[in-house]
Amino acid sequence: MNRREALFSLGSMAAAGGLASRAGAAELKGFPKQTAMSADHLPTPARSGGGFQVLKSETDQKTVKAVFDRLIPADDFGPSASEAGCLEFLDDQLSGDYGAGKALYLEAPLSPENEEAIMGAPQFLSTPRERYETGLKALEAYAQETDGAAFHALSPDRIDEILTGLEAGEIDLGEGVNGQAFFELMLQNVREGYLADPLYGGNRDMAGWKMIGFPGARYDYRPYVDRRNEDLGLTPVSLIPND
Amino acid sequence: MANERPKADVVIVGLGWAGSVMAEELTRAGLNVVAIERGAWRDTSTDFPPAVDPDELRWHTRRELLQPMSVETTTFRNKTGQQAAPVRNWNAFQFGWNVGGAGTHWAGMSWRFLPWDFEVATQTAERYGQERLDSLMAEGLQLQDWGVSYEEMAPYYDRFERIAGTSGKAGNLNGQKIKGGNVFEGPREREYPTPQLKDTNWMSMYRQTTEGMGYNPFTIPAGNISQAYVNPLGVTMGPCTYCGFCDFHGCGNFSKSSPQACILPALMRRSNFTVLTETEVLHAVKHEDGKTVKGVKFVTRDGEEGFQPADVVCITAYQMDNVRLMLLSGIGEQYDPATQQGTIGRNYSYQTCSSVTGFFSGAKMNPFIGGGALGVQIDDFNGDNFDHSDLDFIGGAGIMGYSTNGRPIANMNGIRPGNKRWGSEWKEAYARDYQEVANIFCQGTSMPTRDAYLSLDPTYKDRHGQPLLRLTFDWNRNDASMIDYTTKKAVEIMREAGGEDIMVDNQAEASWNPYKQHSSHTIGGLVMGSNPATSALNPYLQSWDCHNVFSVGASAFPNNGGYNPTLTVGALAVRAARAIHETYINNPGPLVEA
């Protein structure tokens, strides 16, 4: 097992509870003697292989790809979202705590109009995973209704037109789906996938970081602070060690 | 009660900065201290070493070091009469979720408040006349002094700076003004423990520009320390490496001032100290006469309830939770905005802020070279450092050019105005603007009003079935005028520096809500003061209602300075702890007669 595999393996074991997790509430006297990394703070890489966990439907996968590759298309500045692994990133995120909305306060009651007015944006009791499940189906239904075709079969210009309409809040995706909010969720996630550490399945070959010139998971810029206004030419590094 | 623990001299509720500082003082004085912390034990090498920390998605975007809303959130409305709604998603408030509290994931800006900030009511009347003060009060502001002066606070600030290793340059040494430091600061008795940090490209430009405009730029005092340092507790810190993964992250270099880096290594080794982790205090329990409490009721992560008896209870949780715990414990009277009766929940306030963004064609800002507290500031328009005679507001803002981070997800909308946030247009814009963008932040004062307050929510509950805290707040006219004025100064600076395509985000232009804020600085609700009719705590942070309850946090601030709160919280913690072990413990009772 090389270093890269070792790291992935360790992270996966931690995620699966294979390593001893903290025992829970504890009474501590004296400085804790534990020196190993806390299992729940080890990097947890995206699942690799085994297919999609959440985006299981082929239509859903194609719809996400069609949207993501218009939000981040391939061009002179770098690969497309799907080429950079953003679908794998999204699926992995949705299959974990983020997708399950584990951090969110999802207690009822929710009075949609009142909460939107007070918070300045619509609020939900559904998790990100549930919002994708309903949102993607609504997008497909919208394409079938307006264009008589699958969403992924639409032309790039037509997809851009729909996305622009969603962004502006001008397209109604039907009962239970806020089109504008769903657009924002997808835009947030696709750019996360393009710009997060490759550990999480996206930003393949650090393409997103190369696009802007971000040197990645470096931890010491003291040698560079005084070199003001210079192109430092730093190659990005990831939390995934080189083989 | 089942699971009643042995009695402690002092129980500390929440082991963040305030709790750690107090526990250190109290255990050193020989008292037996038990701290109870809702979060887990976390330390530098086991939880956020350099191979784990530089991970934006995990720590900044997903905020995994912060307490999730599913554990406890707040509800919010702008004014009475509205139905408050729960804050369901990540938002302005940054509750700590580990031993070390918010002191682990904070940015590190380490300010002393101005002398004026402690005495806004008195000094406004003295400088501008009683009529001016009366007119502000008639408008709805609820100005009141802290019951402690800067001069009295100075030794406690000094103590906290020594523990934290704060980096900076003095601008006022015993009354002597020193160019290059902050000439508006209150007098300090000695230099900072460590020298100021270095300038990035943008800081250097900002410094030259503001100096050229006749202002007084200085490097922000930082808890990202500039060189190795051994603090008075014998704990060694390392130099900041300008890694740019600071706020919302832990620090793998032992260079961000935090309970982990500065206090816990000493505190944990003391035999008279114990911490119960992943254990949440539900409320304090009063004696039958209601004049004191006998301890706190808690529940462990595994759902076991218990009771910790103690002679003294120190409530040192997050600002919101300090207020909530007092209300859940039935200590003191809930503030009522209709009558201004009651003190718990009174004088809630926020931080009035704006940001100004500019673009510099062809520049290499290298924004990834950063630190949570890395910036250059002018205080020429902060507090009462400028004449307000002909202005329609009091207060002001620190105006900083900062280099806190270049995290790519956080900055992905930092593109020239008019560009789309997606498609090739976004890619082209971000590829160019990532290096060319620079920001100025106005961090302003906030004055309390009669209408802004905290109370328990009638509808929504936490995971234990206890009511959430409800916030009723909106910007007031005075603070909106203040930030409008200071934002214009910031725009002038950005223009003078050569910034183009300038964008302004003035947060007081629309109603406050917790998803829009650039600041996390939530204050008040359990304020200190010399009048028990208008304050919950006396000038030693002791409850007027239960004399063996002390509470330290930004909750004790009657108004907000144009600064980050942590240094003032730390200084108040030293003050409260010394009052306990030097005076209270030998002669329990009110330290100030009501």
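## Strand E19 of chain B

In strand E19(B), Arg470(B) is the bridge partner of Thr75(B). The model is predicted: local features need pLDDT of at least 70, side-chain atom pairs count only at pLDDT 80 or more, and totals for chains, interfaces and linings use all residues. Residues are numbered from 1 along each chain as its sequence is written, while chains are lettered from A and ligands numbered from 1 in the order in which they are written.

Strands E3 (residues 74-77) and E19 (residues 467-472) of chain B pair in the parallel sense over 4 bridges. Two strands pair if DSSP finds at least two bridges between them. Strands (E, at least two residues) and helices (H or I, at least four) are DSSP runs, numbered from the N terminus.

How many residues of E19(B) are buried? The count is 5 of the 6, so E19(B) is largely enclosed by the rest of the structure. Buried means that 20 or more other C-beta atoms, placed from the backbone, lie within 10 Å of the residue's own; 12 or fewer means exposed, and in between is partly exposed.

## The sheet around it

E19(B) belongs to an open sheet of 4 strands in chain B, in the order E4-E3-E19-E18, with mixed pairing. Strand E4 (85-86) and strand E18 (453-461) of chain B stand at the edges. Each has a single partner strand, so one side of each is left without a neighbour in the sheet. Helix H12 (residues 319-329) of chain B packs on this sheet and touches E3, E18 and E19 of chain B. The direction of H12(B) makes about 120 degrees with that of E19(B). Axes are lines fitted to C-alpha atoms, for helices over the stretch in contact, and angles run from 0 to 180 degrees between N-to-C directions.

E18(B) and E19(B) run antiparallel, joined by 5 bridges. One of the pairs is Lys461(B) with Pro467(B) in E19(B). The two strands form a hairpin with 5 residues between them. Gly465(B), in the turn, has a positive phi of about 85 degrees.

## Where the chains meet

In chain A, 68 residues are in contact with 70 residues of chain B. Contact means C-beta atoms, placed from the backbone, within 7 Å. Ala, Val, Leu, Ile, Met, Phe, Trp, Tyr, Cys and Pro count as nonpolar, Asp, Glu, Lys and Arg as charged, and the others, Gly among them, as polar.

A strand pairing also links the chains. E1(A) and strand E10 (residues 273-277) of chain B pair in the antiparallel sense over 3 bridges. Glu27(A) stands opposite Leu276(B) in E10(B).

## Helix packing in chain A

H2(A) and H7(A) pack at about 70 degrees, with axes 10 Å apart. That makes H2(A) roughly perpendicular to H7(A). Roughly perpendicular covers 65 to 115 degrees. Val67(A), Phe68(A) and Leu71(A) in H2(A) meet Met186(A), Leu187(A) and Val190(A) in H7(A). This contact has 6 nonpolar, no polar and no charged residues.

Helix H6 (residues 156-167) of chain A packs on H7(A) at about 110 degrees, with axes 7 Å apart. Leu163(A), Leu166(A) and Glu167(A) in H6(A) meet Gly179(A), Gln180(A) and Phe183(A) in H7(A). The contact of H6(A) with H7(A) has 3 nonpolar, 2 polar and 1 charged.

Definitions and conventions. Contact = placed C-beta atoms within 7 Å. Parallel < 35°, antiparallel > 145°, perpendicular 65-115°, else oblique.
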